[in-house]
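Reader: I would like to work through this model feature by feature, taking the general idea of each before its particular case. Shall we begin with the display?

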Amino acid sequence: MTAENPLPVDRQDSLGSEEFKAVFRRHPAGVAVVTCATPTGPAGFTATSVISVAANPAILAFSVSAGSTSRRVLDTAPSVVVNFLAVGQEDLARRFAVRGADRFAGLDYCSLTSGEPVLPGTTAWIRGIVEQRVPVGDSLLITVRAVLAHTSDASEPLVYLDRAFPRLLP
Ligand SMILES: Cc1cc2nc3c(=O)[nH]c(=O)nc-3n(C[C@H](O)[C@H](O)[C@H](O)COP(=O)(O)O)c2cc1C
């Protein structure tokens, strides 16, 4: 295949999921924990899919797997906090990815007056209002209007690459 002579595009066609994932395993991503308040207590999950979408108004987005329990929570959550993890918070990233676990049990965290949990020691967090829930393939894409942010210059961000958490800086 060349740029001048691309393969014909079949709109129904898509890469196999393993081939697709193999590419993204080589693509470093920042690690966040998306949290929210629910009638039965705090909820949250680890996400590398967080992206900045627009600056004015400030919109971010993330995707959540349609089959996950997190998706059921996010179907109705009016607002979320995106906690951007720092180096040294690998345990938090793993904790918030364990299916079926009580992810907040014994955890040190605080809650905003609006109810969403905020994790300590992160590089930053953003509180936002959920605006759109768009089913995309086997996931749900959620857009969020950012309304409140806190940043800390103190720490280095946590990065995920090839199923590991390598240091960005020497
Ligand atoms: C580093 C890392 C990044 C992840 N990113 C996402 C993500 O962006 N979207 C997603 O749906 N799941 C992601 N997961 C998986 C979820 O954190 C979690 O394991 C999944 O939601 C299953 O748990 P649940 O059924 O309780 O929600 C990630 C896991 C890890 C370890």
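Reader: Are Phe45 and Phe62 buried or exposed?

Author: Buried means under 20% relative accessible area, exposed over 50%, and partly exposed in between, with a 1.4 Å probe and protein chains only. By that scale Phe45 is buried, and so is Phe62. This is a predicted model, in which local features need pLDDT of at least 70 and side-chain atom pairs count only at pLDDT 80 or more, while totals for chains, interfaces and linings use all residues. Residues are numbered from 1 along each chain as its sequence is written, and side-chain values use heavy atoms, with hydrogens and water left out.

Reader: How many aromatic pairs are there by the ring rule?

Author: Rings of Phe, Tyr and Trp (its six-membered ring) pair if their centres lie within 6.5 Å, and planes under 30 degrees apart count as stacked, over 60 as edge-to-face and the rest as tilted. The count by this rule is five aromatic pairs. For Phe20 and Phe24 the ring centres are 5.2 Å apart and the planes stand at 55°, so that pair is tilted. Phe20 and Phe24 are four residues apart in helix H1 (residues 17-25), a separation of about one helical turn. Phe20 is partly exposed at a relative accessible area of 45%, and Phe24 is partly exposed at 48%. The rings of Phe45 and Phe62 have centres 6.0 Å apart and planes at 55°, so this pair is tilted. Because Phe45 lies in strand E3 (residues 41-47) and Phe62 in strand E5 (residues 58-65), the pair ties together parts that are 17 residues apart in sequence. One aromatic cluster is formed by Phe96, Phe104 and Tyr109.

Reader: How many helices and strands does the protein have?

Author: Helices (H or I, at least four residues) and strands (E, at least two) are DSSP runs, numbered from the N terminus. The protein has three helices and eleven strands, and along the sequence they follow the pattern α-β-β-β-β-β-α-β-α-β-β-β-β-β.

Reader: Which residues does Ser139 touch, leaving aside those up to four places away in sequence?

Author: A contact means heavy atoms within 4.5 Å. With that exclusion, Ser139 touches Ser63, Val64, Ser65, Ala66 and Val134. Ser139 is in strand E10 (residues 139-151), and at 18% relative accessibility Ser139 counts as buried. For the protein, among contacts between residues at least 6 apart in sequence, 61% join residues at least 24 apart, and buried residues make up 35% of the 170 residues.
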